[in-house]
Amino acid sequence: MSALLQAIVNGLMTGGVYALLALSIALIFKTMDAVNFATASMGAFCAFLFFQVGTILNFGWTAGLAVSVVGAVLLGWAVERGIVRPLGSGDLFRLVLATMGLDIVLNNATQIFFGSGVQNINAPLPSGGVGVAGINIDLTRLVILGVAVAGAIVLGVVLRYTNLGVGMRAYAQDPQAATLMGVPARTVSRWTWIISSLLGLIAAIMVASVSVLSVGFLQGTFISAFTAAVLGGLSSLPGAVAGGFILGVLEALSIAYAPRAVTIALPVLIILVVLLIRPAGLFGRLSASRA
């Protein structure tokens, strides 16, 4: 019984990172009806800024965080202004292809600017663990879970109680009607990409804190986060969060009780099952295509 509870706790802590990156994916999809396949490379590039300024240049973690946040904001703005806006909303397939190309460009830019070596980020997070009722709780992963939950709550507050958030929700529901009612479409699009970029940065730093920093290090997490978003519903932000935690627990249980091959294939199996049984996801709703 304790082994089962330990697996569930581990899964919840891992699921927090999946949930945060799934939010980044779902936010773009809900607003733009397209998947940003450069989510991982955008977050990883900014995480390298965090490491470069904080460690290599020895300016400290506060300066590193500040620079990486500014970098994430500028990167989100540049992607929206230089790629999304010129392509427009008429051909979403071209936007998906553009994000795939951006992913390749950013991975190569990361290697050029920061090198191809493997780095330990050594973020100033508590180490060790505490035992609670026979369950070991890793303090680093507990902090990561807290950051992920806090990020999701902050995003929820922004979307629900700010003018920007109301505009984003209105635009996601009906872009044409929202525009006619005075919602600034360009502002909504710009801030959607900026917020998504910031969520990717946070997820990247959290993943690097418990693994290593290298080119493409976030790709595996992106696959899991995309699976979580599909599971919860790409059109549902709460569903993306729930999907992240559900996938984290399922993954931890498969590691504890199933062959390794099952754990490796789990994301693909979940996507196939969801698409066959409930294409909109557990919390999403099917809607007509936008004009």
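Where do Phe-222 and Phe-226 lie, and how many residues apart? I looked this up in the predicted model. Both residues lie in helix 9, four residues apart, which is about one turn of the helix.

**Entry 1, the Phe-222 and Phe-226 pair.** I checked the rings of Phe-222 and Phe-226 and found an aromatic pair of the stacked kind, with 6.3 Å centre to centre and 20° between the planes. I then looked up accessibility, and Phe-222 and Phe-226 are both buried. For Phe-222 I noted a relative accessibility of 7%.

I counted the aromatic pairs and got six. One of them joins Phe-37 and Phe-222, with ring centres 6.2 Å apart. Their planes stand at 65°, and over 60 counts as edge-to-face, so I logged this pair as edge-to-face. I placed Phe-37 in the loop between helix 1 (2-32) and helix 2 (39-56), and Phe-222 in helix 9 (residues 219-232), so the pair ties together parts that are 185 residues apart in sequence. Phe-37 is partly exposed, at 24% relative accessible area, whereas Phe-222 is buried. I recorded Phe-37, Phe-222 and Phe-226 as a cluster linked by ring pairs.

I next looked up how helix 1 meets helix 10 (residues 237-257). Their axes come within 5 Å and cross at roughly 145°. I noted the crossing of helix 1 and helix 10 as right-handed. I sorted the residues of this contact into 21 nonpolar, seven polar and two charged.

Notes: Residues numbered from 1 in each chain as written. Predicted model: local features only at pLDDT ≥ 70, side-chain atom pairs only at ≥ 80, totals over all residues. Heavy atoms only, no water. Phe/Tyr/Trp six-rings, centres within 6.5 Å; stacked < 30°, edge-to-face > 60°. Helix = DSSP H or I, 4+ residues; strand = E, 2+ residues; numbered from the N terminus. Buried < 20%, exposed > 50% of the residue type's maximum accessible area, 1.4 Å probe, protein only. Axes fitted to C-alpha atoms, helices over the stretch in contact; angles between N-to-C directions. Left-handed = near helix turned anticlockwise from the far one by under 90°. Nonpolar A, V, L, I, M, F, W, Y, C, P; charged D, E, K, R; others polar.
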